[in-house]
Structures are given as structure tokens and as C-alpha cells.
Amino acid sequence: MTRPTLILLALDESPFLELGKRALRSVGYETAIAQDADGLARALQASTPSLLLIGERLRGQSGLELAAAQLERFPTLPILLYAEKDTHAIAKEVLRVGLSGYICPPLRTDDLVTAVQRSLARARHLGDWVRNEVGRTTASLQRQVNDFDTIFNNIADGVVILDRQGRIVLINTAAAYAFGATPESVFGRPVTQAFPHPDLQSMLGRSAEDGLKYHEINFDDGRVFNAHYTLIPNVGSAITLQDITYLKELDHLKSDFVHTVSHDLRSPLTSVLGYAELIGRTGPLNDHQREFMGRLQASIQNITALVNDLLDLGRLEAGFDTRREIIQLENILGYTVDLLGGQISAHGLNVKFHAAPNLPALKANPLRLRQMLDNLIGNAIKYSHQGGEVTIELSAEDGQVILQVSDNGPGISQADQPHIFEKFFRGENVPEGVAGSGLGLAIVKSIVDSHQGRIWVESTLGQGSSFFVVLPAHI
Ligand code: ADP
């Protein structure tokens, strides 16, 4: 059943009010009456009249002003003004305020009914048009949302959008599938709860602390993802996940190849070095021959060191480093400082050492940690300027032992910093004549990784570098 059309009459008590009421009712409209500004506001709030007929004055207030105010709140409400006199000024004002029209005496009942019907018809047309437009815009928005959904879900990379509280507000199929879930099952949940993967948790924990952007997420079935974390202003953050399993497999193939070649090179190198040393014993050498032999031996020793580094790296990456003992890092540090003493004095360096008292022990491979310290401190010495300063600090925090090796040497450019732990990478800062293969830090990183630790560098070009290693203490 359709509701009867309600006409609200905001008119002072007058013969016209009675006349109007009767005329409108006689053709089937319902009427309500408001006799002042408050009554008008209340009536509009409580009921939904189809038209408002308002007098030029209502209890002394300007009907035009009241009508204008109501139009602000109900822009589609048709309003007719009842004016005492038809003047040019009234016509102008009605147009200015945006009313449907006005009526004025002399009036027959038919004139009033016709004016009301015409305004209602126009309002209906306007209503239809607005509904159509809204429908059209909504359909187009809906299409765009659908297109976005399709694109979002067909992106091969995983994308997760989090709100500021870390809850999943948007996630595509690739991201959900990577963690063995569906988008529906994790939507709205805190990401740390939905995906309790340790690598992801560690990335999110660290991102908040030090703005780390990249992290590898390793799954037990061998899949590896490169995760990227970005803050999005006013929204929260985004995590993108790129499947790099095949790149990792290629990397393993390459490492296997390098490992095999290094292994096969080692025996002939040992015999070349052996024979080179024997030559001197076969008879006296002249000065030239001695000099050449010396260079030959130095070169072979360099190649042997490189081959040994490659073999070490291969073993570490293959996870062969399983030896674990309870050790104190400061004891191992003593051996390193002894070994490097010659180089320290050759560079005229001032080496400062500070260890916090009662450092916790580590469960680690002492040989590997020695190698780590040799490389880190060796680099600090190697890259320092003559007379520079090297500081080595050991401290403990939250069940972790922290090593910091700092120098005031050449520093590492921002562009190079993300690459220095890669194999064979040598920075643009390396001064001429400073030897190296670019493997030292790759070995250090593998050692730290195999001990479930973390390593990073803080460095400013021209001012120096600090390497930090954090290793879990033995409980
Ligand atoms: P190598 O020292 O044989 O070049 P590493 O893997 O030990 O290789 O280091 C990689 C690169 O990192 C170096 O080539 C150098 O550019 C940079 N680097 C490492 N340690 C330092 C340091 N203490 N000061 C300045 N640059 C360094």
C-alpha cells in the first residue's frame, strides 16, 4: 500500500490556511501544520513530507529565510512560497533561494492544487534523475572495484595492506596462498596472528625498530620469498612478497659449481706451491730468480686463500657448520688481536678494546667465530688510514651478545652498503693497492646466519664504519 502524499503547511492562522487544508485533503493529500520555526524543524525531522508550503512570514519570521535554511538540510524537498502579493522582487527571491515556485492571491482552490501537483511532478522527475545518476555512478564505481579486485588478485606477487594497528585490510590471493591461507580466512585479523611465520615476525619487528625494508621468508617446503615492507601515510603499511625460489635454486647451482671448481683447484695449487718451494733447494738461485720465485709464491698463496674462502663459504652455505661449544667471545677476540698485532702496528693504529663485565657465554663454533672476528677486525685495520683508530666493544642485552667493530676509515657509500655482504662485492671506496677478494663479509654473514645472529653496518662515507653483530647468548 502506498502512503498518502503528505503536504506540510507552514502558515500563520488565516482563512487561506483553512482553505488550503481543505482543498488539498479533498484531492487525497494528507496535511500537517507547522505554526512557527521550531514546529517546522520538528515536523521535517519527524515526518517526510513530499512538499512544504510556507507563508511569506511565519510568526514574524521571513518565510524565505526559513525555506532557504530547510533547503540546506533537505536539498530535494520541493517548497512553494505563499506570498501576499505578486511582485517582481518575490519572483527574484524565489529563484535565488531555489524554491519550486510561489503562489499568491487571488487564488482559487484549483490554482493551489495545480501548483502543488506541478511542483510534486517536477520533484519526482528530479528524484528519478538523481536516482538514475547515482545508479550509473555506483555501477561505474562497482565496475572499477571489480576491475581492481581482478587485477589485485591476478598479480603474481603477494600484496598485503595493513592498517595502523597491523590488521589485514586488503590481501590478494598470491599473498594468502603463500602462507597456505585464503584471503577470506585472514581478512581483518592482525597479520602477526594470521601468519605467525618467524621470518615475517622478525621483519615486522625490525621494520618498526630500524626501518629495515627487505627480508627473506623461508618456508619449510623450500619456497623462498623476498618480502618488502613499506609504510603508507594515512593508511598503515604494505607488505609485498616476491617468489624468488627459482633464483635461490640458481644461486645454489652456481655455488655448487664454484665449490666443485675450488675443490679441484686446491690439490694442484698445493703441489705448485710445494714445487715452487723446492726449486730453491735444487741449487743456488740468482737475485732475479729469487725475486720471481717470491712473487710466484705470494700469488699462489693469494689464490690458495681465495680457494679456501670459497670452500669455506660453500660449507657454510650447505649447512655443514654444526660444531657447537660453550665459549666466551672475549677469549677468542684475544687470539684475533694477537694475530693482527703486526698489521696494527704497521698501520700505526690506535686500537681500543672494551668488554662489559660478566658477558654471557655463547654456544658456537669457536673456529668460525674466530674467522668472523679476523675478517671484521682485519677489514677495520686494512681499510683504516695510517694512524687511525679502531674500537672493539663487547656488550650484552636481552640475552644477546653484541659485538661492535668501528673504525674512522674511508666509510662505505649508501649505494654500496646493501651489497657489501654479497659474494665478490668490493666497494667503490677501496683504496688502490688494498688487496681482497670481496668474500670476507660474505663469509662473516654466513657464519652469523648459521649462529642465528644478525649483522649490519652503519657507515658514513669519509667518516668511518661500524659493524654490529648480535648473537643469541647460551642460556
Ligand atoms: P674485501 O675486503 O676482500 O674487499 P669484504 O667482503 O671483506 O671484501 O668487504 C666487502 C667490501 O666492503 C670491501 O670491498 C669494502 O668496500 C667494504 N668494507 C668492508 N669493511 C670495511 C671497512 N671497515 N671500512 C670501509 N669499507 C669496508
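**View 1. Domain layout of the predicted model.** The chain is divided into domain 1 (6–130), domain 2 (155–243), domain 3 (258–317) and domain 4 (325–472), with bounds that come from an automatic or database domain assignment. Between the centres of domain 1 and domain 4, taken over C-alpha atoms, the separation is 86 Å. Because this is a predicted model, local features need pLDDT of at least 70 and side-chain atom pairs count only at pLDDT 80 or more, while totals for chains, interfaces and linings use all residues. Residues are numbered from 1 along each chain as its sequence is written, and side-chain values use heavy atoms, with hydrogens and water left out.

**View 2. The shell around the ligand.** The ligand is surrounded by 20 residues, each having a heavy atom within 4 Å of it; the closest are Asn379, Tyr383, Arg426, Asn429 and Leu441. Helix H13 (366–383), helix H14 (440–450) and strand E19 (464–472) each supply at least two residues of this shell, and H13 gives the largest share, four residues (helices, H or I, of at least four residues and strands, E, of at least two are DSSP runs, numbered from the N terminus).

**View 3. Backbone atoms facing the ligand oxygens.** A polar backbone atom of Gly427 is 2.9 Å from an oxygen atom of the ligand, and a polar backbone atom of Ser437 is 3.0 Å from a ligand oxygen atom. For Gly440, a backbone N or O atom lies 3.3 Å from an oxygen atom of the ligand; a polar contact here is a pair of N or O atoms within 3.5 Å. Taken alone, the ligand exposes 530 Å², of which the protein buries 98% (Shrake-Rupley method, 1.4 Å probe).

**View 4. Two backbone features in loops.** Pro105 and Pro106 are joined by a cis peptide bond with omega of about -5°, and Pro106 lies in the loop between strand E7 (101–103) and helix H5 (109–154). Asn234, although not a glycine, has a positive phi of about 70°, and Asn234 lies in the loop between strand E11 (224–232) and strand E12 (236–243). Most residues other than glycine have a negative phi, and most peptide bonds are trans.

Notes:
A polar contact is a pair of N or O atoms within 3.5 Å; within protein, one must be able to donate a hydrogen and the other to accept it, and residues adjacent in sequence count only if both atoms are side-chain atoms.
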